[in-house]
Amino acid sequence: ETTVNGPQNKRTGMVRRSSFWTRKFPFLFTKTTGRTTMATMSRNKIGRLPMLCLVLASADVASPFRPPAAATPPRWRRPTRLSSEAVAGITSSSAALSPWYADPELCRDRFAATEALSWIQRSEDDSGLPWIVDDELADGRFLLSVEGRGTFAMDEEGDGAITPLYLSYGELIKALGHDAVKGLLLDTTAGSLLLWVGKAGGLDYWAVHVPDDAAAEEDGEKGDNTWMASGGQSKGDLRTVEERVRRLRLRTDADARFDDIQTISLTPLREFGDALSQPSDAAVCAAANGLVEFHRAHRFCGTCGAPTVVARAGGARRCTDRDGGAACRGSVYPRIDAAAIMLVTSPCGEYALLGRKSFWPAGRYSTLSGFAEVGETLEGCCVRETAEESGVAVDPTTVAFVLSQPWPFPRSLMIGFRATAVQTNTEGLPKIVVQEDEMESIKWFHRDYVRTRIGGGSTAMTYEPTKEEREFHIPGKASLARILIAQWANETN
């Protein structure tokens with residue numbers, strides 16, 4: 001049975017379904033009572049697409065696909081209503097603890113995007129590509145990244161607030177060239193990726209990852225670079241992808257999209273994640289970065305060694321060796337590395353255990369963290385990692401979950417906890433023994449000291465701290481550690 005959606009024709013009573021299938025197979029559906037009616041086929045045709053007929057059954061006709069009605073309907077219960085004060089408290093608490101790189105409004109159901117790409121790749125006549133595409137692509141927004149260089153972003157106002165550089169489908173063709181986009185759609189260009197990220201605000205977001213054409217030019221392969229092939233340009237006029245993106249001058253509604261090419265940057269997400277102005281943009285960038293890293297790391301099957309290709313619009317990779325036998329698993333999906341990140345406080349609660357690594361910017365201190373091992377709980381990971389890195393014992397009964405956050409560097413999920421250290425010595429704070437192989441310094445910091453120094457900071461590795469921050473600062477808003485530290489620092493004991 002198919003749910004029919006869309007505008008109804010008042011004269012014929014027929015309904016056109018506004019979905020992927022009816023945009024490719026434009027049928028008119030009718031609804032009847034007590035009998036089955038075959039759909040009337042439209043005379044419209046698109047290329048060589050076959051025309052199909054769908055059969056709809058009315059609601060009162062028995063269907064083998066509909067489960068039988070329950071003998072006793074479930075008892076309806078009046079839902080518990082929260083007071084306005086309780087709702088306001090929940091909303092404010094959620095906003096205060098909202099982790100960066102996460103957006104619950106980002107839809108991740110990739111069925112429509114998968115079907116759109118599958119239809120293109122199954123097409124017998126691809127001479128019209130990349131012009132004949134579905135709405136998921138034609139109306140999509142494309143986030144472009146270059147191998148080894150980073151992701152395109154821009155500072156529109158010149159105030160340091162970064163916005164991802166989303167390209168329209170037409171701009172993507174201008175930036176990469178007709179043949180390159182065709183290779184993306186058909187998945188025939190080595191080293192290139194077209195991955196569906198999600199849908200928000202009615203728009204589909206895609207990640208496009210291409211090889212570093214600048215490196216190919218330095219090696220004298222400029223003329224053979226497929227990414228620089230574009231209609232109307234001679235090989236002598238070809239530019240790198242970065243140069244062509246910077247020179248885009250498309251105008252919409254008489255307003256120039258890019259007034260200053262210097263505002264466009266090509267930088268790794270880790271370096272500009274804190275500067276993103278919108279959480280929704282941070283979530284799209286994080287998902288795109290994680291998917292790209294997954295596909296880059298799984299270009300070959302881990303079982304039989306055969307090459308793998310993109311599947312499910314970027315949601316998986318499929319082994320190309322169909323004769324590998326039962327030993328080959330066929331498909332591989334993105335894996336998430338679970339890591340515990342914990343704010344450990346002293347038995348009195350007035351001190352927090354913070355540490356730093358040697359390669360961090362001067363003065364940056366953060367919470368301790370570590371990856372969960374095989375057969376280990378996250379609570380056990382908190383206890384073990386704290387003891388290994390600092391020598392401080394944690395009371396297992398005090399480990400409490402706070403919040404989780406996606407951390408796409410490359411594919412981690414940070415699970416935040418609070419815990420209390422055990423008083424092992426007779427006086428003073430628990431003794432610290434730094435594991436120098438991992439940490440440069442670990443110290444106890446008083447709440448009042450941290451509270452006056454939680455402003456500023458960043459998660460970028462190239463961050464230049466101020467004179468005051470060179471003594472002490474915490475990570476920026478893109479890190480879950482900042483939420484844990486700031487929450488504790490602003491508490492009253």
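**Entry 1: Overall make-up.** I looked up the secondary structure and found 13 helices and 22 strands in the protein. I note that the model is a predicted one. Of the 493 residues of the protein, 43% count as buried. For the accessible surface I recorded about 26,300 Å², with 51% of this area belonging to carbon and sulfur atoms. I also looked up contacts between residues at least 6 apart in sequence, and 62% of these join residues at least 24 apart.

**Entry 2: Strand β6.** I then turned to strand β6, residues 150-154.

**Entry 3: Partners of β6.** Which strands pair with β6 in the antiparallel sense? I recorded β5, β13 and β7.

- Strand β5, residues 141-146, pairs with β6 over two bridges. Here I found Ser145 bridged to Thr151 of β6.
- Strand β13, residues 264-267, pairs with β6 over four bridges. In this pair, Met154 has Ile264 of β13 as its bridge partner.
- Strand β7, residues 163-164, is joined to β6 by two bridges. Opposite Ala153 I found Pro164 of β7.

**Entry 4: The hairpin.** Finally, I examined the hairpin of β5 and β6. How many residues lie between its strands? I recorded three, and I noted that Gly148 takes a positive phi near 75° in this hairpin.

Methods: Residues are numbered from 1 along each chain as its sequence is written. This is a predicted model: local features need pLDDT of at least 70, side-chain atom pairs count only at pLDDT 80 or more; totals for chains, interfaces and linings use all residues. Side-chain values use heavy atoms; hydrogens and water are left out. Buried means under 20% relative accessible area, exposed over 50%, partly exposed in between (1.4 Å probe, protein chains only). Two strands pair if DSSP finds at least two bridges between them. Contact means heavy atoms within 4.5 Å. Accessible areas come from the Shrake-Rupley method with a 1.4 Å probe; for residues, only the protein chains shown count as cover.
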